[in-house]
Amino acid sequence: MSVLEEIDQDLLDRCNAIWAATQAQEKQDTLSRLEPPLMRLWDGDYNMHHIVGCEYSANFEWINNDSGTGLTELPFDSAAAQWIYDVKGRIARGEKRNVHISIDKNGARWSGRMQDFSVEKRDDGTVVMVVRWIHDYETLKHYQVWCNPFTAAAVQWPRVFMLAGPGIWALKCSLFLQIMRENTSLWRIPDDPLNLNSWGSGLDMSNWSVVVKPTSFMQDLAAGSLWTVVSSRFKTWHDMAKRPLADGEYTVVVRRWFTGDELPWPGANLRHGALVVDIVDKSGYYTGTATSGSMFTGLKRTVAHFAENFIDSTLDLVNDNSIPADYLKAGVKSTDKAMPYVVFREGEETGIQTSTFLYTPSTATQINVGGHSAPGVDETISASIQAVGDILGNLAQIGSLGGSIDTLAKPFYQGTLFAWMSLPSKERKDNSGWASYFEYFQDGADRAYTLSSLMVLRAGFWSTRTWFSHELVVADGAPWLIGDQGQGHLWLGDRCGSTVTGDITGEVYVSRVHKIGLAWDRETAPDWMPTIGDDSAKTDPVQHAHELLEDVKASLMDAGVY
């Protein structure tokens with residue numbers, strides 16, 4: 001045998017080995033996708049009662065920074081359905097009223113609480129229990145951020161809770177203080193006042209039902225999180241966090257911890273069933289990530305910087321396009337926020353099932369806020385008028401006139417000086433052209449030249465920004481796998497690229513996974529249904545009206561009248 005033949009045989013053996021390993025991995029991935037989810041039912045204290053495998057159908061949804069919903073249809077004569085139905089029996093046995101569910105599939109976990117159930121008799125004579133579930137993110141909507149979480153409700157000073165710092169730390173810290181207030185308080189009498197140990201038991205986080213994964217101030221600062229100021233006057237944490245989460249493109253991760261799971265952080269001492277809350281930057285918008293690109297030149301990595309006014313932001317190109325090390329390791333499934341791994345391409349053979357591309361250019365080139373003078377301005381004018389009036393009245397020997405003059409003059413000077421702020425965007429004006437929209441008034445900051453007015457200016461630029469939405473519904477495993485905890489190429493909040501059908505330029509648009517659905521029934525294998533891109537900017541009028549009502553409710557809470 002010649003040397004050339006030996007080399008060819010060695011090359012052939014290696015190719016066959018690679019092909020065999022590829023086939024084995026594809027088989028393993030296929031079996032993993034077809035494996036039914038693990039569905040477990042828990043009581044109010046998170047004691048497991050049923051592993052469900054008799055369902056007619058099920059559908060669950062993860063939504064980025066909001067509460068997804070779930071729906072299960074069970075045979076009414078099944079043990080699981082009878083246990084859910086027997087509310088009085090569960091309470092009598094000490095299993096409590098609440099029913100919880102957890103779904104485990106490809107490293108992802110959906111956990112939540114029962115909203116309601118109904119028993120339906122169908123046309124074919126079958127009796128079905130339909131149960132609606134709400135995701136555990138809903139728990140965060142039931143924490144209100146008190147003005148002062150360390151004092152009793154009757155004494156809330158200062159008037160507004162405010163905390164400045166790196167975004168993730170500030171949001172986590174504000175939530176932690178409310179959870180701590182729930183579990184321990186010098187002003188709240190324990191359930192058993194005569195048990196002296198119960199007065200300090202709340203300090204032990206191993207008994208907390210909700211815990212926050214720790215992130216130190218310096219750790220978040222080093223990670224490059226966007227600085228923010230969170231403020232609340234009895235808003236819910238969810239309402240308070242909406243804008244900082246959207247501004248920093250953070251993702252709230254809530255995951256139930258069960259005995260046997262990997263600890264959420266080293267040294268964690270948690271009770272079985274504890275809800276662990278984390279906030280992660282899966283976007284990399286302000287630290288460097290791919291935001292666009294082309295099929296011919298590759299993805300362009302950019303980093304967002306604040307403009308000279310420290311409110312508007314611009315994107316700068318980053319020349320460092322080094323490939324993350326995990327992408328070169330065999331068998332590792334993940335995506336790195338610095339360089340998204342997944343790109344869905346339109347074509348004759350594609351995993352994209354449906355797609356909608358929407359582009360909206362920026363509008364106003366100047367943002368206005370305000371309505372009331374900055375703190376101290378009107379008060380200074382009033383004091384000056386009263387002082388001058390009193391002096392003149394005394395000189396004329398007719399008594400103090402300051403109060404009367406101030407009462408007459410107040411309608412003319414109140415809210416006239418330092419009551420409004422206006423900030424133009426040079427970048428928008430340069431790029432929008434000679435004919436463009438001029439200005440936009442952003443609600444939310446009645447008093448100018450305050451920290452809240454700066455945050456509202458930022459929100460005004462955000463709401464009138466250029467944005468695109470590329471909504472995709474893609475098939476799992478074609479070719480990318482959906483999954484969490486290292487068992488998929490992308491998950492909720494991750495960035496991924498996509499092309500537009502019929503686009504001859506090959507432009508790649510990068511967006512984040514906004515929501516993910518999981519559905520299956522007795523005849524159909526489990527199917528992931530991710531939606532890439534956010535359509536919140538083109539909501540229907542009814543939904544928009546509902547969001548306005550939520551904003552009004554939050555404003556009434558700020559004013560102390562709701």
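**Exercise 1. State which residues G393 contacts once its neighbours within four places in sequence are left aside, and place G393 in the fold.**

Step 1. With those neighbours set aside, G393 is in contact with I398, G399 and L401; contact means heavy atoms within 4.5 Å.

Step 2. G393 belongs to helix α7. Helices (H or I, at least four residues) and strands (E, at least two) are DSSP runs, numbered from the N terminus.

Step 3. G393 counts as buried, at 0% relative accessibility. Buried means under 20% relative accessible area, exposed over 50%, and partly exposed in between (1.4 Å probe, protein chains only).

A note on the source: this is a predicted model, in which local features need pLDDT of at least 70 and side-chain atom pairs count only at pLDDT 80 or more, while totals for chains, interfaces and linings use all residues. Residues are numbered from 1 along each chain as its sequence is written, and side-chain values use heavy atoms, with hydrogens and water left out.

**Exercise 2. Describe how helices α7 and α8 pack.**

Step 1. Helix α7 covers residues 377–395 and helix α8 covers residues 402–413.

Step 2. The two helices pack at an angle of about 145 degrees, and their axes are 8 Å apart. Axes are lines fitted to C-alpha atoms, for helices over the stretch in contact, and angles run from 0 to 180 degrees between N-to-C directions.

Step 3. The α7 and α8 crossing is right-handed. A crossing is left-handed if the near helix is turned anticlockwise from the far one by less than a right angle, and right-handed if clockwise.

Step 4. On the α7 side, D378, I381, S382, I385, Q386, G389 and D390 take part; they meet G402, G403, I405, D406, A409 and Y413 of α8.

Step 5. Sorted by class, this contact of α7 with α8 has five nonpolar, five polar and three charged residues. Ala, Val, Leu, Ile, Met, Phe, Trp, Tyr, Cys and Pro count as nonpolar, Asp, Glu, Lys and Arg as charged, and the others, Gly among them, as polar.

**Exercise 3. Characterise the second largest pocket by its volume and its lining.**

Step 1. The second largest pocket holds about 1,100 Å³ of space. On a 1 Å grid over the protein atoms alone, a cavity is a set of points where a 1.4 Å probe fits but cannot get out, and a pocket is an open set with protein on both sides within 12 Å along at least five of seven lines; lining residues have an atom within 4 Å of a point. Grid points are joined across faces, edges and corners, and a volume is the space filled by probe spheres set on the points.

Step 2. The lining of this pocket consists of 42 residues, of which V253, V280, K282, D484 and Q485 are the closest to the centre.

Step 3. Strands β3 (57–63), β6 (108–121), β13 (251–257) and β14 (274–280) each supply at least two lining residues. The largest share, seven residues, comes from β13.

Step 4. The lining has 15 nonpolar, eleven polar and 16 charged residues.

**Exercise 4. Examine the backbone at P158, N65 and K96.**

Step 1. Most residues other than glycine have a negative phi, and most peptide bonds are trans.

Step 2. W157 and P158 are joined by a cis peptide bond, with omega about 5 degrees. P158 sits in the loop between β8 (144–145) and β9 (161–166).

Step 3. N65 has a positive phi, near 60 degrees, and lies in the loop between β3 and β4 (69–75). N65 is buried, at a relative accessible area of 15%.

Step 4. K96 has a positive phi, near 70 degrees, in the loop between α3 (87–92) and β5 (100–105). K96 is partly exposed, at 38% relative accessibility.

**Exercise 5. Trace the surroundings of P166 and M421.**

Step 1. P166 lies in strand β9 and is buried, with a relative accessible area of 0%.

Step 2. Not counting residues up to four places away in sequence, P166 touches F217, D220, L221, S225, L226 and W227. P166 and G224 are 58 residues apart in sequence, with 7.9 Å from C-alpha to C-alpha.

Step 3. M421 is in strand β21 (residues 420–424) and counts as buried at 11% relative accessibility.

Step 4. With residues up to four places away in sequence not counted, M421 touches I367, N368, V369, A448, Y449, S453, L454 and L457. M421 and L454 are 33 residues apart along the chain, and their C-alpha atoms are separated by 9.3 Å.
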